[in-house]
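Biologist: Could you walk me through this structure, starting with the terms you will be using?

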Amino acid sequence: MASKAVYLHRDPMLKKRDDFEDILEERRRSSDLRYALRCYTPLLYKGLTPFRADELKTMVLQSDQLQYVINQVSKQTSVTADEVEAEAAAILEEMAHHLQISTIRFFAFVLSKVFKTLFRSVCVNEEGVQRLQQAIQEHPVVLLPSHRSYMDFLLMSYILYTYDLPLPVIAAGMDFMGMKIVGEMLRMSGAFFIRRSFGGDKLYWAVFSEYVRVMVKIGFAPVEFFLEGTRSRTAKSLTPKLGLLNIVMEPFLKGELFDVSLVPVSISYERVLEEVLYARELLGVPKPKESTSGLFKARKVLSEDYGSIHVYFGQPVSVRSLAEGRVNRSQFNLMPRHIPRKPGEEVQSFVNDSAYRLVRAQEENMVLKPWVLLAVLLLQDQAAGDGRGTSLDELTERAVWLRDLCRQFGAFLHWPDHMIPSQVVSSSLSLHRGLVRISEGRVQLALDQGAEARRPLGAATPEEELLNRAVIVLSCASYRNQALHVFIRPALLASAIQTASSNQKQDVYNSFSFLRNMFSNEFILSPGAAVQDFEEACYLLVKSGALQINQQEVLVTETGQKTLTFLTSSLDPFLQGYQMVCRFLCEEASEGLTEKRFVPAIRKFIVQHLLTGRLRHAEVLSSDLQKNALAALLRLGAVRKLRGRGEEQLEVNKVMVNSLEDTLGGNLPTQKAVVARL
Amino acid sequence: MASNSSDRQRVAQHRLRIITGHLQRPADGDADIQAAECKAQETKPNVASSEGRTMPRRRQEIMKWNGWGYSDSKFLYNKKGQAEFTGKRYKLSGLIIPALKDWMEGTFGASLQHKTPATPILNTSAVQPPTLNEAFVDEIKSTGIPFSHDPEDRVFRAHGHCLHEIFALREGKIGRVPDMVIWPSCHNDVVKIVELACKHNVCLIPFGGGTSVSSALECPPEETRTIVSLDTSQMNRILWIDEKNLTAHVEAGIIGQDLERLLNESGYCTGHEPDSMEFSSLGGWVATRASGMKKNIYGNIEDLVVHVKMVTPRGVIEKGCQGPRMSTGPDIHHFIMGSEGTLGVVTEVTMKIRPIPEYQKYGSVVFPNFEQGVACLREVARQRCAPASIRLMDNEQFQFGHALKPQVSSIFTSFLDGLKKFYITKFKGFDSNRLCVATLLFEGDREKVLQHEKQVYDIAAKFGGLAAGEDNGQRGYMLTFVIAYLRDLGMDYYVIGESFETSVPWDRVLDICRNVKARIVRECKDKGVQFPPLSTCRVTQTYDAGACVYFYFAFNYRGLSDPVHVYEQVEHAAREEILANGGSLSHHHGVGKLRKEWMRETVSDVGLGMIKSVKDYVDPNNIFGNRNLL
């Protein structure tokens, strides 16, 4: 319960959210050129002494921190300090941004054109922008947008330019650098590039962290990075990466800054540009390397309608208030602050909890479109159904029911209340006509349509057909996933009630905590917050009338059964998926299985099960789910990595994996399972 | 720095006059008190000393009972609405300070319309009647040592000068006060008193100058025994001066100004000048590990003390020789220094003395910003060439100092001021809202001072510093003498505040200044303070490995129902911030009861245990029961 301060229990219905303004509206009415060339005078951080980009580099290279590491590396490798410094300078050169207003103006012009073609609207909460403006003047700011598309950071800079705010410097993956001209353009628009992995490279880490730290410390510009580390292919938030967050918090923790404001930003797309790409990637069709020519090929996307984008600038979070009572800052008093030190346990758990809290803040302000609810229902029907689809009327009725449930759970749902529900449903379906088929008033996923579209030539093997269907299912699932954060805690509780050995509160809690633990690589479930999550779930389900809870017992009400069934079936694909992974590891895992070969091997295994009809959920094919499951098993110690010659091998503890599978399937009461207490 | 040498001499003499002016004995003689001849006199002091004592037994006759300093000296707004400083004691006395009103209104949003006058006279009926241990009183009577249970005497010794203490007095609220005040006049008197206190289980609280700002003098409200305030003010003689070894043996009750004046008569000084030296006592300095403004030349109290005698319930503790340094296990002086009256009473001290310096010179340097100023001080410390005193005030404090400029008599001076300002802000491009000032005091041989001065100004120039004249320097030091008087003025107009200090490694100086100041502002806002507070600091001492930083903090409390509580919360938060940023719990104010809660993290469990075990051995019955430190 260490993180009690982080999760305050509050009524989700009371969440107040700002209104949106469409920034494209203005663009459709006035000249883009004039807009791109207009006077741009942002209000800057009050403590800022202005620096040029090259002065910044000198500052980084001369900093005590970096000099210390340079000397250390020089001693260890017996290379002269000057040479190491030259190496550091080269790393910095490769990394550093070169923010230029002219490039921004160019992008402002081009993006205006592109956005107007692609999107109906780009909506921004202006109150959030005002809060941000205030925050920028007060303290150094770190922008933390959600990451669903390549568009994200261009969009962010575009919005900040539009509102006359200082342009951010953005941590971007090195893969962009491969795109020759575009890479340089991005650099000039404020991106700085970091290698995806630099595990043991002390010097690289030192240069990189000092570069970011210096920018935060002097308040050079808002620093922007993605907590999730990479684009989420599934539209579920990814478990946060802590490296950069650690770096930007450090100046506060070490007393070099009075405070740092962290601003979570939620960017929700009605349709992601990369929709189908993601699905294929998850199914094992490799991701094309980013290249400039590839980008041009992708311009056919320009001809489609991608609906609207909602960008919500959340409440700035003060690192100082986050750390209040959590971190004893005097731990840094007894050593010079420039000597790099691994953050202690207290700091690590603090950064981790903060990261989860911030990702949850992103999730909470993600706008959900009606279509998301339809995707939830259609996927459930598809898995359970007979292939005949659902009638429009029934779908509408259930969508309205789900809408109300969502609202009770505090979702940020954009349901046009001025339209009649059937209209809402049909217009939503029409925007996503690539994914659904409507015939004779019955709606279902367009599973075969996908096959036609993508494989025009010849008959496909059953396996290929299956994969094509899976593309549609996974695309659809990426919409459903947008809503999962609303349901996840109640859904875990619903499943726990189903599998618990009794309706004693303690038993239900044990089951809940087991499931929560199992799925904490899959969903944003802050480590150590099991009790709070349980209470939150109970609170929501009691409030919606599905449960009654007294001192000892958890009781399902008569009307609550429907809600609970709905919730358990939304968790079903994941339950089944994890069971499949367990089964695979017990039955098929051979000696010498490596992490690399795990995904192709299990994919084959699952395809077999799907083809024979033993498994209904095609989305289990998602490599994301498989990897998360493996990560969970590794975390729980049911699978271990063995350091052998060459690659690390996976050693499976079959008894444990087997028992986990049984528990997941509800065949074993949790409290008897050894693993439940892991 | 273009003054010629005769000018300098004139200024030097002027400075000496000021110091003597500060320290002049009050006009109203106190012959009746001088009668207290020490009965237990063994050796005749070889230095005339009973002449010219400043501190009478009835201190309230010359000092305020509910504010700082002499009754005749205070700030007030005259009928024209101008600030003036009354009395004749100080350089500022009798002068109009035209800018103060605007500064107070501008900084605090204070207004002359909103007054909060203090209760003028102590209502003695509000004072708890004394609970007296009759047996103890009888035996004391038989020793002939003077004592009193007059309410005024007792109330005067029940407090130091923390904000909450003075605030309560101004409102006429009196808490637990000593039941009796006793005035020993020599070491042997103290030995007797302590013996009797042990015999009758009476609580003793030593009282020196009464300038504590750590709640050290507050009587523990839970104390049920008779509390006796042991006022050392009558033990105020210089017993001998040893010119061969340059030491003086002094009774510990002597107050700073008397000590300095009497030594000056013989051509010597200690050079120990804490800001409170007008009133604070030698014994108090030892008991709290005091620090003086000129420690760069003379050292802090621990460097000045050669020998200490302290009376404890176990007996008298002292070293057996006056060797300048010893390797004889842990230095027992360090049990005594900083013991804050918890172990016994310091009665006699041998301390180093120096010939009066030939020459003194003030100076000041303006820096474009605080960062540059700190970098300069750091460099001065690195080169170990700090003048007698070097202090760096931040912008707010610089402006504060400016507001205290007395009315200038000639148009020419004000024209010169205008010209200086123009030169610095327009010609040199200093931002008047960012620039800051270092004040300097050089002391020593004339030649060396001038050489030293050049060295320091050369370093300052490297950090963009501009020499800004002696006047600015001198005014900076004056500020520290009158600041406590100014607080009383503030309190007349809804403004409360206080200072606190810390010491911190060099690399953290800027961070701690920024963060603590910002924390104060934020906490005030959070706690509902309606006006922006004054939150300012100065780097006030330099050391090889760090610096001492002094914060002033004050705010206008109109609209708050419990201003003292808010004040305490903010001060508490500021102290937490100091500790989080690598600052110490205290540089020289001490711990008292105000900062006790942080002792454990400051000295570790074992450290606290060590202190405790010393207390348990020396004073098992807690006779010295002021409950400071532990």
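Modeller: Let me begin with burial: a residue is called buried under 20% relative accessible area, exposed over 50%, and partly exposed in between, with a 1.4 Å probe and protein chains only. This is a predicted model, in which local features need pLDDT of at least 70 and side-chain atom pairs count only at pLDDT 80 or more, while totals for chains, interfaces and linings use all residues. Residues are numbered from 1 along each chain as its sequence is written, chains are lettered from A and ligands numbered from 1 in the order in which they are written, and side-chain values use heavy atoms, with hydrogens and water left out.

Biologist: Fine. Is A:R403 buried or exposed?

Modeller: A:R403 counts as buried, at 14% relative accessibility. Its side chain meets that of A:D417 in a salt bridge, at 3.9 Å from N to O, where a salt bridge is a side-chain nitrogen of Lys or Arg within 4 Å of a carboxyl oxygen of Asp or Glu. A:R403 belongs to helix α17 of chain A and A:D417 to the loop between α17 (392-408) and α18 (421-431), so the pair ties together parts that are 14 residues apart in sequence. Helices (H or I, at least four residues) and strands (E, at least two) are DSSP runs, numbered from the N terminus. A:D417, for its part, counts as exposed, at 51% relative accessibility.

Biologist: What does A:K46 pair with?

Modeller: A:K46 forms a salt bridge with A:E138, and the closest N and O atoms are 3.8 Å apart. This pair links distant parts of the chain, 92 residues apart, with A:K46 in the loop between α2 (32-37) and α3 (53-62) of chain A and A:E138 in helix α7 (residues 126-138). A:K46 is exposed, with a relative accessible area of 61%, whereas A:E138 counts as partly exposed at 36%.

Biologist: And in chain B, how far apart are the N and O of B:K319 and B:D331?

Modeller: The side chains of B:K319 and B:D331 meet in a salt bridge at 3.0 Å, N to O. Both residues lie in the loop between β12 (315-317) and α12 (333-336) of chain B, so the pair ties together parts that are 12 residues apart in sequence. B:K319 counts as buried at 15% relative accessibility, and B:D331 is partly exposed at 31%.

Biologist: Which residue does A:R337 meet in a salt bridge?

Modeller: The side chain of A:R337 meets that of B:D507, at 3.6 Å from N to O. A:R329 is part of a network of salt bridges that also links A:R320, B:R519, B:E523, B:K527 and B:E577.

Biologist: Last one, what about chain B as a whole, how many helices and strands?

Modeller: Chain B has 20 helices and 21 strands. Its C-alpha atoms fill a box of roughly 75 × 60 × 50 Å, taken along the principal axes, and buried residues make up 60% of its 630 residues. Of the contacts in chain B with a separation of 6 or more, 78% are between residues 24 or more positions apart.

How values were computed: Contact means heavy atoms within 4.5 Å.
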